[in-house]
Amino acid sequence: MRFLVCPVCGSTNIYYEAGMIEGQKYKCNDCGYVGSFIIEMDEKEYQRFIEEKKSSRQ
Ligand SMILES: [Zn+2]
């Protein structure tokens, strides 16, 4: 399984929006980011990412 992760806030609350001229686009429902750049991770990478996020917050 692949996860789409927002490059701004790290959320996986990502929606795919079909672009017209620019090509593919994604929208983050958490921070409002819209763009064609998105981080793709598999399950292992995503879990590591979440762990790092947690520990960097403290
Ligand atoms: Zn976001």
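Here's a quick briefing on the overall fold, the sheet and one cysteine. Keep in mind that this is a predicted model. The chain has five strands and one helix, and from the N terminus the order is β-β-β-β-β-α.

**Overall picture**
- The C-alpha trace stretches over about 40 × 25 × 15 Å along its principal axes.
- Take the contacts between residues at least 6 apart in sequence: 34% of them join residues at least 24 apart.

- Three strands make up an open sheet, in the order 2-3-4 and with antiparallel pairing.
- Strand 2 (14-17) and strand 4 sit at the edges, each pairing on one side only.
- Four bridges link strand 2 and strand 3, running in the antiparallel sense.
- Tyr-15 has Lys-27 of strand 3 as its bridge partner.

**Around Cys-31**
- You'll find Cys-31 in the loop that joins strand 3 (25-28) to strand 4 (34-35).
- Setting aside neighbours within four places in sequence, Cys-31 is in contact with Cys-6, Val-8, Cys-9 and Ser-11.
- One of those contacts, Cys-9, is 22 residues away from Cys-31 along the chain, with 6.7 Å between the two C-alpha atoms.

Note on methods
Residues are numbered from 1 along each chain as its sequence is written. This is a predicted model: local features need pLDDT of at least 70, side-chain atom pairs count only at pLDDT 80 or more; totals for chains, interfaces and linings use all residues. Helices (H or I, at least four residues) and strands (E, at least two) are DSSP runs, numbered from the N terminus. Two residues are in contact if their C-beta atoms, placed from the backbone, lie within 7 Å. Two strands pair if DSSP finds at least two bridges between them.
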